[in-house]
Amino acid sequence: MIPPNANTIKPAQGKLAVLLPGLGAVATTTIAGVMLARRGLGRPIGSLTQCATIRLGKRTENRTPALKDFLPLASLDDLVFGAWDIFPENAYESAKHAEVLEARHLDPVKDELCAVQPMPGVFFPQYVKRLNGTHVKGPARKVEMVERLREDIRDFVRSSGATRAVAVWCGSTEVYIQPGPVHETVESFEKGLREDDPGISNSQLYAWACIEEGVPFANGAPNLTVDFPAAQELARRRGIAIAGKDFKTGQTLMKTILAPGLKARMLGVAGWFSTNILGNRDGEVLDDPESFRSKEVSKLGVLEYIFQPKLYPEQYGNLYHKVRIEYYPPRGDAKEGWDNIDLFGWLGYPMQIKIDFLCRDSILAAPIVLDLALLLDLGQRAGLHGIQEWLSCYFKSPMAAPGLYPEHDLFIQLMKLKNTMRWMMGESSITHLGREYYD
Ligand SMILES: NC(=O)c1ccc[n+]([C@@H]2O[C@H](COP(=O)([O-])OP(=O)(O)OC[C@H]3O[C@@H](n4cnc5c(N)ncnc54)[C@H](O)[C@@H]3O)[C@@H](O)[C@H]2O)c1
């Protein structure tokens with residue numbers, strides 16, 4: 001495509017509707033955080049769009065604007081939040097239930113949060129077995145559910161006065177589904193919708209509705225959702241930006257920081273055992289083996305792609321990688337992730353690294369939701385469509401073009417993100433070659 005530039009990107013005029021299927025811990029932490037940040041009552045730490053800078057040109061030029069000054073992003077003041085959930089609690093009640101944010105953060109924005117009422121969700125229960133949704137759309141065929149979601153989108157955009165919308169899936173993790181013939185083409189998927197094909201899950205219905213309505217869509221869970229050829233083809237045909245999947249937050253974030261470092265020194269790794277305890281609703285859903293399988297697949301790919309065992313059989317050819325998630329209610333959202341890494345160095349001598357990450361799931365995920373909403377909207381206005389690989393740094397299992405392996409190394413992902421931003425704005429990419437300073 002012809003590269004966009006500062007003059008061809010459509011301006012971020014008017015309000016941007018941020019549509020969140022799933023108004024649980026992550027969604028409410030995001031919404032409350034944005035509301036607090038725009039009143040100056042909280043700082044959006046962890047969000048690149050709000051906190052990071054970008055170097056432009058040579059190191060001697062001293063041009064390092066904040067991303068939010070460099071890019072024509074929607075401002076936090078212009079965001080309006082819409083959501084769907086299968087439970088009727090508004091954003092305030094749901095945030096209280098999630099127990100992520102304390103009263104000192106929820107109370108100042110209580111009225112605004114109470115106004116975010118979820119629209120009834122589309123819920124075929126076989127895809128999330130641990131939940132019994134009560135706030136759901138009446139029975140209908142899947143094809144009709146897509147139509148109802150499309151109506152919801154149009155109604156919300158109209159009533160909120162937004163000029164455009166973007167969606168980020170913050171709903172529960174669904175059971176593991178492998179892509180099948182129904183996911184192959186737009187036509188086979190449309191036939192599947194008419195025939196209630198069991199391969200089509202709830203999240204796929206939301207994604208399909210969004211793409212059909214011209215709404216860019218990011219997937220924060222490990223579900224198939226938009227990660228199949230038919231959705232990607234529809235996104236191309238409609239000119240819509242999509243991204244996924246599974247927010248890269250606690251343990252996997254650590255993995256993609258540490259593994260590239262070990263590989264940079266050609267240190268061998270014999271085993272990597274990761275386990276977590278968490279007690280939020282996400283943990284409860286993941287206690288179901290079929291939902292856990294989706295998460296496991298998403299988490300396991302990371303090391304394989306970073307270490308490239310086929311290229312480095314001696315260092316990584318026999319790596320044993322195991323991931324466990326244990327539902328442990330007393331911990332709530334304050335997850336604890338342990339990693340034991342068995343590595344080896346010079347002459348094969350063994351060493352170990354232990355990580356104990358006392359993190360907070362939704363505190364790590366909220367800035368990702370905000371960044372994805374703002375950057376997908378930017379990408380859409382810049383004319384980018386289909387898979388947005390430049391947003392890989394936000395995902396555990398980044399989607400990539402067919403035949404292309406995904407890039408998991410956080411540092412490569414960050415370079416890709418920033419170079420895409422430079423490219424979008426007509427600035428030259430930075431390769432870090434740096435010969436010019438010495439010639
Ligand atoms: N927090 C993190 O660090 C993190 C990291 C990676 C991925 N994720 C994923 O993000 C998602 C949200 O996490 P969370 O902690 O907010 O979970 P949560 O359980 O608190 O919230 C999920 C919400 O989705 C709702 N839901 C389920 N099916 C729905 C449907 N069909 N339509 C509408 N709503 C539906 C549930 O009722 C619930 O309120 C999960 O899939 C989780 O695996 C979270």
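**Figure 1. Glu99, a partly exposed residue in a loop.** Glu99 has 14 other C-beta atoms within 10 Å, so Glu99 counts as partly exposed. (A residue is buried if 20 or more other C-beta atoms lie within 10 Å of its own, exposed if 12 or fewer, and partly exposed in between, with C-beta atoms placed from the backbone.) The loop that holds Glu99 runs between helix H4 (91-98) and helix H5 (103-106). Helices (H or I, at least four residues) and strands (E, at least two) are DSSP runs, numbered from the N terminus. Look at the backbone here: phi of Glu99 is near 55°, a positive value in a residue other than glycine. A note for this and the following views: residues are numbered from 1 along each chain as its sequence is written. This is a predicted model, in which local features need pLDDT of at least 70 and side-chain atom pairs count only at pLDDT 80 or more, while totals for chains, interfaces and linings use all residues.

Figure 2. Met266 is not a glycine, yet its phi is positive, about 55°. You will find Met266 in the loop between H11 and strand E7 (268-278). Met266 counts as exposed, because it has 11 C-beta neighbours inside 10 Å. The loop between strand E6 (241-244) and helix H11 (251-264) holds Lys245. Gly244 and Lys245 are joined by a cis peptide bond, with omega about -10°.

**Figure 3. The open sheet of seven strands.** Follow the strands in the order E3-E2-E1-E4-E5-E6-E11; the pairing is parallel. At the edges stand strand E3 (119-120) and strand E11 (386-387), each with a single partner strand, so one side of each has no neighbour in the sheet. Two strands pair if DSSP finds at least two bridges between them. Within this sheet, strand E4 (residues 162-169) and strand E5 (residues 217-219) run parallel and are joined by three bridges. Ala167 has Phe217 in E5 as its bridge partner.

**Figure 4. Helix H7 and its two faces.** Helix H7 (residues 142-160) has 19 residues and reaches 27 Å from its first C-alpha to its last, close to the 27 Å expected at 1.5 Å a residue. (The expected span is 1.5 Å times one less than the number of residues.) Which residues of H7 are buried? They are Lys142, Met145, Val146, Leu149, Asp152, Ile153 and Val157. These residues cover an arc of only 120° around the axis, which puts them on the same side of H7. (The arc is that of the directions from the helix axis to the C-beta atoms.) On the face turned away from the buried side sit the exposed residues Arg154, Asp155, Arg158 and Ser159. The cover over the buried residues of H7 includes strand E1 (15-21), E3, E4, helix H8 (186-194) and helix H9 (202-212). After H7 comes Gly161, with a positive phi near 75°.

**Figure 5. The shell around the ligand.** How many residues surround the ligand? There are 36, and the closest are Gly22, Gly24, Gly121, Ala221 and Arg281. (A residue is near a molecule or strand if its C-beta atom, placed from the backbone, lies within 6 Å of it.) Helix H1 (25-38), strand E2 (79-85), helix H12 (281-286) and helix H15 (361-381) each supply at least two residues of this shell. H15 gives the most, with four residues. By class, the shell has 19 nonpolar, 12 polar and five charged residues. (Ala, Val, Leu, Ile, Met, Phe, Trp, Tyr, Cys and Pro count as nonpolar, Asp, Glu, Lys and Arg as charged, and the others, Gly among them, as polar.)

**Figure 6. His135 and its contacts.** His135 sits in the loop between E3 and H7. With 17 other C-beta atoms within 10 Å, His135 is partly exposed. Leaving aside neighbours within four places in sequence, His135 is in contact with Asp85, Ile86, Phe87, Pro88, Pro118, Pro120 and Gly121. (Two residues are in contact if their C-beta atoms, placed from the backbone, lie within 7 Å.) Although His135 and Pro88 are 47 residues apart along the chain, their C-alpha atoms are separated by 5.5 Å.

**Figure 7. Strand E7 and its two partners.** E7 and strand E9 (residues 336-344) run antiparallel, joined by nine bridges. Gly268 has Phe344 in E9 as its bridge partner. Strand E8 (residues 320-327) runs parallel to E7, with eight bridges joining them.

Methods:
The expected span of a helix is 1.5 Å times one less than its number of residues.
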